[in-house]
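User: Could you take a close look at the pockets in this model for me? I would also like to hear how their linings connect with the sheet and the charged contacts.

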Amino acid sequence: MNIANVLASKGGRVVTIRPDQTVREALERFAERNIGALVVVNDADAAVGMITERGILRAALTNERVLSVTVGAVMTREVVIGHPGDDLMSVAHTMTEKRIRHLPVMDQGKLVGIVSLGDLVRAQRDHYEGQVVTLETLLSD
């Protein structure tokens, strides 16, 4: 099973934001879409960072005016990127080791989706449930 399988059921929609937009705008997008992370993209729609609710909370500890600063000032710049063919178990391992919860997915230089640790857990669960049903069917015959 790979990232492409997850995106096939989840969809490839990615909510993005530009680095020159404000943290307030990022929070509005989080609330509107009920999400916890945005991919920060440049004018060429290339991923240049990530901004998360958790990152904003941490920035608020050192800057009480965080809502008016730009996304670029608080975003994570070291973005780990996935590809559609990446194996889910290795992706989950990487995300756990690097302590990231959201992974943008790129294909031939284009942003095609985003997966979360929750997406990976659901995909694994569904896979195992399918195997259980198959085994139960085989045993009942």
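Analyst: Happy to! Helix H3 (53–62) provides the largest share of the lining of the largest pocket, with 4 residues. A pocket here is an open set of points on a 1 Å grid over the protein atoms alone, where a 1.4 Å probe fits and protein lies on both sides within 12 Å along at least five of seven lines; a lining residue has an atom within 4 Å of a point. Helices (H or I, at least four residues) and strands (E, at least two) are DSSP runs, numbered from the N terminus.

A word on the source: this is a predicted model, in which local features need pLDDT of at least 70 and side-chain atom pairs count only at pLDDT 80 or more, while totals for chains, interfaces and linings use all residues. Residues are numbered from 1 along each chain as its sequence is written, and side-chain values use heavy atoms, with hydrogens and water left out.

The largest pocket has a volume of about 620 Å³, a volume being the space filled by probe spheres set on the grid points, which are joined across faces, edges and corners. It has 23 lining residues, and those closest to its centre are Thr52, Arg54, Arg99, Ile100 and Arg101. Besides H3, the elements giving two or more residues to this lining are S3, helix H5 (88–98) and strand S4 (102–107). By class, the lining holds 10 nonpolar, 6 polar and 7 charged residues. Nonpolar covers Ala, Val, Leu, Ile, Met, Phe, Trp, Tyr, Cys and Pro, charged covers Asp, Glu, Lys and Arg, and the others, Gly among them, are polar.

The second largest pocket contains about 220 Å³ of space. Of its 13 lining residues, Lys10, Arg13, Ile35, Ala37 and Ile114 are the closest to its centre. Strand S5 (residues 110–116) gives the most to this lining, 3 residues, and the classes are 6 nonpolar, 3 polar and 4 charged.

Ala37, by the centre of the second largest pocket, has Thr52 in S3 as its bridge partner, and Thr52 is among the residues closest to the centre of the largest pocket. S2 and S3 pair in the antiparallel sense over 5 bridges; two strands pair if DSSP finds at least two bridges between them. The open sheet has 3 strands in the order S1-S2-S3, with mixed pairing. S1 and S3 are its edge strands, each pairing on one side only.

Lys10 leads on to the charged contacts. Lys10 and Asp119 meet in a salt bridge at 2.6 Å, N to O (a side-chain nitrogen of Lys or Arg within 4 Å of a carboxyl oxygen of Asp or Glu). This pair joins distant parts of the chain, with Lys10 in helix H1 (residues 3–10) and Asp119 in helix H6 (residues 117–140), 109 residues apart. Asp119 is buried at 10% relative accessibility, whereas Lys10 is partly exposed at 39%; buried means under 20% relative accessible area, exposed over 50% and partly exposed in between (1.4 Å probe, protein chains only). Asp119 also forms a salt bridge with Arg122, whose closest N to O distance is 2.8 Å.
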